Structure formats: structure tokens, C-alpha cells
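Hello,

I am handing over the structure below.

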Amino acid sequence: MKSLKRMLYELTMDKDFVALKFLIDRPNVFHVVGATHLETWHSRFLSWLLDPTERHMLGYYPFQRFLMAVAESADENLDDITDIAMLNVNQFRNPEVIAEKDINKLDIDEQETIEETEKNDDKGRLDVFFKVNILDETDSGVEKKLILAVEQKVYARVDVNQCNKYLRKFEEKFKEETFLLVGLVPKSQIKETNEATFGSSKWFGIDYQQLVDIVLMPCLENPDLSIYAKPIIQQYVDALRMPYKGKREKLATIEEERTLVRSIYDRFEDVFKAITKISHEEDSEERNYVNTVVNETYGEVFRTIKWILTEENDVEEVWNFSTPFQRNIIKRWDELTIVINYENEATVINGENVPALWKKTLQWIEENKLPLRQLVEEGFILGAGNKGKRYAIAFQPVHKDRKKFAQIHTYESIITGETYYIETKINPESCMKTISKLLKTLGVEVETPLLETV
């Protein structure tokens, strides 16, 4: 039997592992000048990209792709946004794109004193302000104005009070126009709905991964893109792939990374399970060696692998080389627990693993005659949000992106006798977040003690 040291050696020498390391280490100008996640750079880049008069030669294409990303995240009025995104570019007139627009200077009727304006000035700058006229094809003499305003967050958290202030100002100033208020934020800040994230459903939230997948990568593949502009977009995409803050959070990944990680994990799953196992054990010479390889020698590669596996919910566990106290906390995940409060009665459901917790919860839902079937028929999205491409439970073991379930368990409905397919190759945290979301969707109060204490 191979030693763990030998297994690690073979993993790190693998061609896909080496290719992933080269991809991560690719030189990046934003990193060189120390501005990888400087918010001003983000807003300047986005303003340049969305401006159809700039010399990237893409015209309105980035703007229309951006609207498609917004439409994907809309809680309502989806058709209104997609209708604009699908317009003939000849209908657009007089575009104006401004970086860092000071909304405190908008000419609106508000009873604000000079002192209040000055006090709020640091929170009155939209990162991107895009204004364009749209010609009515049925009546060439009629034009309507569209305002696209983008508030970007990288380090800072979403400020609901700030969002409410912006919305109030826009409703006053542009009440006769069509406007879209968009928050571009890290995925970790996106909640179940736009209202939960920004304080109002009139805001639209997209994350940097959507920006990469729906806007930037299609722009890079557009044959009209200037050869001089292409490296700028590529460098920005690479900057988004670099971890930010002390949390080592990545704003986005690219398909090339995801493909390499899936290939590596499929062929070296036993190595990653061994890493996970030893990370939860007490200190030893072997554990210290593995910790050094994983977190220092090849730290950025393993962090990228861990990030992608976690984001795609492709593993039941990931390694955590933490303190003994933290490792004791992790061991509590051996038994998963949710607490349901329904009709003035509390029910505790325990599961020794992910499949067990799912089946017990589904049985409780049906015993209480809650409308589960419709959600299964639509396919219930995995994770805390609703923007993913993988189903947690569905009538067929095929995800929204047409990929097959990685690990299948089934549940036979006690009401209809139908078979429901459950994706169980997920980590316990994702499992409980998904079940919590499912119960809340059905109008049930639920508590997840482990999620609240870890």
C-alpha cells in the first residue's frame, strides 16, 4: 500500500496539477502594481468595457451581455430586461458611461441640508452610471431612456441603508425613465433573494462569477474584439481569480480551472480523502508534513482546488488543518441536526450522514402534507441560493447544466409512490443549507444549530 507521502508526490507531479499551478501563477499586471482588488480599478474597467464608444471594438455587445447577467438574477420582470438585451443595436442612441458618479449631486427634490450631503458624500458614489436612449421601432419619433447604475463591492459589505438611499434618489430623479440598480458583489454576499441582499427587490444582484461566465468570457471569444483590448480583459479575468482578503476568497474561477480540478479530483479522490482524514487527526510528524505540502509548498493550488470543490458541492468534506479546539468542533458534523418549528411544535431531525438527513426530512415534509412534489418537479437548486446549476433533488438524476448526478440516492414518495432522485455528493454544510432553504420555501421555520455555532 502506498504511503500518503508517495500519494502526494504523484498528485503534485501530475500533468493537470502542474497545468493548474502554471495557470494560477500566470503573471498579472493588477497584481504587479498592487491593485488586484482596488475597487476604483474595478469600476474603471467596467465603465470602459460597457462603453460602446471605446476602442475594444465590441460596441454594445458587453452592455447586452451584462443585461443578460442581470436578467438571470432577477426576482421578477425578467422579460423586461431580456427584451432590452435582445434589442437591435441600431435602436440605441447617445450612450453615456461615467465611472464613479456622485449621486448626491443629482438634481432632485429632497429636503437635505448641505451638512447631510457632505456627510453622506463618501457613500454617494455609484461605481458605474450608464445612460442610453432607446428608439421605438414602431415610431421613429419616440425614444425612451434607460439608466443602468452599478454599485460594486469587493472588500466592503453591502450596506442596505446605502442601497435604500440610492433607490430613493433614483425613484425621484428618474421616475419617468427605466432604470436598473445593479449590485455587483462577491458570491458570498448574495442571499436567497435580491430583497434579502439589498433591502429591496428593485435591486438586482450579480456576482463576479456571473460577470466572468456571462460577460467577460463571451467578450474574449467575440471575433470583433480588438487584439489590443483582449489582453486587458484577460488580465482582469486573471485578477478576479486571485484570492482576496484574509479569508482567501476567490471572486471567480474560469472553466479551464474547473476542468482541471474535476480531472484531478476524479483521478486522485483517494488522495484528497486521505488529506481530509489526516487534517482532522491529532498532530503528528506525518500530519505536519501533509500540512506543509498542502498549505505552504503548493498552497495556492490546493486552495484553488478546495475552493472549486466547495463551490460546486462536489465533496462531502474538505481538509481543515486547524487547531485541536476547532477539530473537536468539526467532529460534531458526524451527526447532522436540524430543528423544525411547525404549527407550535418542535421536531428534531438527526442524520448520521447526508442521505439519511435528506430522507428523514422528506418523509417529515410528506407526513405533514406540504407541497413537495411541485418543487421536485421543477428541480430544487443545491445550496443556500437559487442561482446554481445543480439540483439537490429532481425527478431525473440530471442537473440543470445537463450533467449527471455524481452520487445518487433515491426517495420513494409515501404520497404518490414516485421516485425522487437526490444528489448526495455534497458536504454536510451544503446539505443543511439546502434543506433549510427547502423548508423555508414551504413556509416552515427551521434552525440549523451546527451552522450557527461553527
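Is Asp-16 buried or exposed? Asp-16 is buried, at a relative accessible area of 11%. Buried means under 20% relative accessible area, exposed means over 50%, and partly exposed lies in between (1.4 Å probe, protein chains only).

A word on the basis. This is a predicted model, where local features need pLDDT of at least 70, side-chain atom pairs count only at pLDDT 80 or more, and totals for chains, interfaces and linings use all residues. Residues are numbered from 1 along each chain as its sequence is written, and side-chain values use heavy atoms, with hydrogens and water left out.

Next, the pair of helices. Helix 1 covers residues 4–13 and helix 2 covers residues 15–24. Helices are DSSP runs (H or I, at least four residues), numbered from the N terminus. Their axes come within 5 Å and cross at roughly 60°. So helix 1 is oblique to helix 2. Axes are lines fitted to C-alpha atoms over the stretch in contact, and angles run from 0 to 180 degrees between N-to-C directions. Oblique is what remains once angles under 35 degrees (roughly parallel), over 145 (roughly antiparallel) and 65 to 115 (roughly perpendicular) are set aside.

Helix 1 brings Leu-11, Thr-12 and Met-13 to the contact. Helix 2 brings Lys-15, Phe-17 and Val-18. Contact means heavy atoms within 4.5 Å.

Now the salt bridges. The structure holds 24 of them. A salt bridge is a side-chain nitrogen of Lys or Arg within 4 Å of a carboxyl oxygen of Asp or Glu.

- Asp-16 pairs with Lys-15 in a salt bridge, at 3.4 Å from N to O. Lys-15 is exposed, with a relative accessible area of 63%.
- Glu-10 forms a salt bridge with Lys-2, and their closest N and O atoms are 2.8 Å apart. Lys-2 is partly exposed at 48%. Glu-10 is partly exposed too, at 25% relative accessibility.
- Glu-10 also meets Arg-6 in a salt bridge (3.2 Å, N to O). Glu-10 and Arg-6 are four residues apart in helix 1, so about one helical turn separates them. Arg-6 is partly exposed, at 44%.

One more item. A network of salt bridges links Arg-26, Asp-238, Arg-241, Lys-250 and Glu-257.

Best wishes

Methods:
Helices (H or I, at least four residues) and strands (E, at least two) are DSSP runs, numbered from the N terminus.
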